[in-house]
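Please report on the local structure of this protein chain. Cover the strands, the charged pairs, the surface and the backbone.

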Amino acid sequence: MRGLVVLVTLACFATAQHQALIDYLERRLLAIEDRISLWHEQTTRYASELRELKQQMVSQLETLDKEKEALRMNLDGVGTRVDRVERELDYLETQNGAQPCVDVDDKLIEQQVTLVKEKQKAKYSKLSDCSDMISSIKAMKILKRVGGPKGVWSKDTGRGSGKVYIFNGTDDDTIHEFSSVQDFARSLGLSLAKTIKLPSAWKGTGHVVYDNHAYYINQVDEITVVKYDMKNNSVTDSAVFPVQDHVPVYSLTPETVMDLAVDEEGLWAIYSTRQNDRHISLAKMDTNLLDIEQMWDTNCPRENAEAAFVICGTLYVVYNTKQPGRSRVQCVFDVNDMVTNEEAPLVYFPKRYGAHSSLKYNPQEQLLYAWDDGYQILYKLIMKKKLEI
């Protein structure tokens, strides 16, 4: 009987412990459920706040984009006005000082001006039928970036050809040929190009392609102009340039000892010599025999010169200004004496990357093909008649 009482007592004790454990677990579960409910409320609130913050950020970003666009337009307008003021100031600086106080009959002045123009017109018609000159640069298009910081790219300046040629670097014997500007723009690097191996290396950035022939500068002991037939892959002719003691024609492109150019009148050579090392000289060349037809010493300095080109018998020399990323045509020499520096319009180039290592004029398109720190750029020109000045 006593043993039974003990068993009953133990069973009651175990039941009490079990009930206490169940009560404890229920309390813990309730506490956990309360915490989960609190976390859920906080998460919901945080998610709502994040959505509101996101909406505010989107709205602020849209406002900033609008303000950025308005600021960009304002800056463009300011830049245009600054350029206009610079051109006007430069123009005023180039003008003569005050005229002497002398009474001159207006009709006499008009007669003298008319007489000078008629003489100039007669002289010009004897030397050339071409009368275009640059008025301004209409547009700039950055086509792509390929090759080294210096080089030459140009379309064949002869009629009926759309091929584009790349002279990458300043010392090589390979030309890269593309069937069109579009193929060159689409090409990954120079992958779509046809390579043309020359029998001798070209030097500098003074080469041109004209009427299916490459005219390039080869320099060993003397400066030689080589005429290479692109169709037959053979040298048609070569000639040693008949001037001694050459110096680099542009101070900012020292690799170029001579720069060849093509315009409406044919082939030109731009060069400089030790005897006249402060200025640039110009020569007209025969495209067939590479003979020198005529030579001129210009008043255009080599100092700070980047590159040059010829249009209608007028040499345009481009200089690096003191402003970063700016260059301008600062010296003009017309072989027909129709245009002077004082009369020539101020021509500024748009913002660029470094300095022009070459500028090649295409008379068929009135475009400048520029190589600027590895970027291939097209400049669209606006022309005017020389006699309209």
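Helices (H or I, at least four residues) and strands (E, at least two) are DSSP runs, numbered from the N terminus. With that naming, Asp337 lies in the loop between β16 and β17 (347-349). This is a predicted model: local features need pLDDT of at least 70, side-chain atom pairs count only at pLDDT 80 or more, and totals for chains, interfaces and linings use all residues. Residues are numbered from 1 along each chain as its sequence is written, and side-chain values use heavy atoms, with hydrogens and water left out.

**Backbone angles**

Asp337 is not a glycine, yet its phi is positive, at about 60°. Its relative accessible area is 42%, so Asp337 counts as partly exposed. The classes are these: buried means under 20% relative accessible area, exposed means over 50%, and partly exposed lies in between (1.4 Å probe, protein chains only). Asn212 also has a positive phi, near 65°, and is a residue other than glycine. Asn212 sits in the loop between β6 (208-210) and β7 (213-219).

**An open sheet**

Strands of a sheet pair through backbone hydrogen bonds, either parallel or antiparallel. Here two strands count as paired if DSSP finds at least two bridges between them. Four strands make an open sheet, in the order β10-β11-β12-β13, with antiparallel pairing. β10 (258-263) and β13 (292-301) are the edge strands; each has a single partner strand, so one side of each lacks a neighbour in the sheet. On average, neighbouring strands of this sheet are turned by 25° against each other, direction ignored. For such angles, axes are lines fitted to C-alpha atoms, for helices over the stretch in contact, and angles run from 0 to 180 degrees between N-to-C directions.

Strand β12 (residues 279-285) pairs with β13 over six bridges, in the antiparallel sense. Lys284 stands opposite Gln294 in β13.

**Salt bridges**

Side chains of opposite charge can pair when their charged atoms come close. A salt bridge here is a side-chain nitrogen of Lys or Arg within 4 Å of a carboxyl oxygen of Asp or Glu. How many salt bridges does a search of the whole structure find? It finds nine. The table gives some of them.

| Pair | N to O distance |
|---|---|
| Lys150 and Glu255 | 2.9 Å |
| Lys163 and Glu177 | 3.9 Å |
| Asp334 and Lys386 | 3.4 Å |

Take the salt bridge of Lys150 with Glu255. Lys150 lies in the loop between β1 (132-145) and β2 (151-155), and Glu255 in the loop between β9 (234-240) and β10, so the pair ties together parts 105 residues apart in sequence. Lys150 has 23% relative accessibility and counts as partly exposed. Glu255, at 23%, is partly exposed too.

Next comes the salt bridge of Lys163 with Glu177. Lys163 is in the loop between β2 and β3 (164-168) and Glu177 is in strand β4 (residues 171-178), so this pair ties together parts 14 residues apart in sequence. Lys163 is partly exposed at 33% relative accessibility, whereas Glu177 is buried at 8%.

Then there is the salt bridge between Asp334 and Lys386. The pair links distant parts of the chain: Asp334 is in strand β16 (residues 327-334), Lys386 is in the segment after β20 (375-385), and they are 52 residues apart. Both Asp334 and Lys386 are buried.

Which residues does the side chain of His356 contact? Its partners include the side chain of Glu306, at 3.0 Å, and the side chain of Tyr379, at 2.9 Å. His356 is in strand β18 (residues 356-362). At 1% relative accessibility, His356 counts as buried.

Asp132 lies in strand β1. Its relative accessibility is 15%, so Asp132 is buried. The side chain of Asp132 makes a polar contact with the side chain of Lys385, at 2.9 Å.

**A nonpolar patch**

Leu29, Ile32, Ile36, Leu38 and Trp39 form a nonpolar surface patch, with about 510 Å² of accessible area together. Patches take residues with over 30% relative accessible area and no salt bridge; like charges are joined within 9 Å, and nonpolar side chains (Val, Leu, Ile, Met, Phe, Trp, Tyr) within 5 Å. Accessible areas come from the Shrake-Rupley method with a 1.4 Å probe; for residues, only the protein chains shown count as cover. Leu38 belongs to helix α1 (residues 2-94). Leu38 is partly exposed, with a relative accessible area of 43%.

Notes
Polar contact = N/O pair within 3.5 Å; in protein donor to acceptor, adjacent residues only side chain to side chain.
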